[in-house]
Amino acid sequence: MAFSCFSKVMNIASKNTHYFCNTVFNKLCNSQLNNMKSYFSTAMATIQPIDDKTTDYGKILETVKKCSSQDISDNKVFAVVHIGGKQFKIASNDVIMIHKKIEAECGDIIRLEKVLAIGGRNFTLIGQPLLKRDLATVEGVVVEKTKGEKKIAFKKKRRKNYKRWHGHRQDLSVIKIKKISFDIEQV
């Protein structure tokens, strides 16, 4: 917004008033910066930093246990997993499509090992980079293993009678997430 005002001022102003344009531009930028500072200062006032010396981690774990047990019973838990070179945010009964072939057969139950984070409505557990294997359990069923539609790469050199078609079908695996669970006692 400040840049559009600056261009308008520059169009109006002549060469002799270059200093005037710069001061107007600076005033516009400073007013917008002050508005942003006031916004962020009110937003940051609600966030309280954790002090390692005075923080009672027992109380924090109790509240996380309480929130997590309620979210598990309501089936409102999500997880972020790494599979097939990509990250997916998943919940129970989600269906994800992975662009790689999985060694398991259709109908097999698999466990997704690389869990990056687990959370609910009021809590989130984040790994560094992964959560411990005993802490998080994400299980899914291989629904389908197939190939995607054919992608055609066409090359042509004009006037040289050179045309080449190259087709490719990507391997796909479809997984349905059965359950997401975690043991809060392992934290």
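Residues are numbered from 1 along each chain as its sequence is written. In this predicted model, local features need pLDDT of at least 70, side-chain atom pairs count only at pLDDT 80 or more, totals for chains, interfaces and linings use all residues, and side-chain values use heavy atoms, without hydrogens and water.

Student: How many helices and strands are there in the protein?
Tutor: Helices (H or I, at least four residues) and strands (E, at least two) are DSSP runs, numbered from the N terminus. Along the sequence the pattern reads α-α-α-β-β-β-β-β-β-β-β. The count is three helices and eight strands.

Student: Is Ser173 buried or exposed?
Tutor: Ser173 sits in strand 8, residues 162-182. Buried means under 20% relative accessible area, exposed over 50%, partly exposed in between (1.4 Å probe, protein chains only). Ser173 has a relative accessible area of 0%, so Ser173 is buried.

Student: What separates the C-alpha atoms of Lys145 and Ser173?
Tutor: Lys145 belongs to strand 7, and Ser173 to strand 8. They are 28 residues apart along the chain. Their C-alpha atoms are separated by 4.5 Å.

Student: Why does Lys145 count as partly exposed?
Tutor: Lys145 is found in strand 7. Lys145 counts as partly exposed because its relative accessibility is 28%.

Student: What is the relative accessible area of Lys150?
Tutor: Lys150 lies in strand 7, which covers residues 136-157. Lys150 is exposed, and its relative accessible area is 55%.
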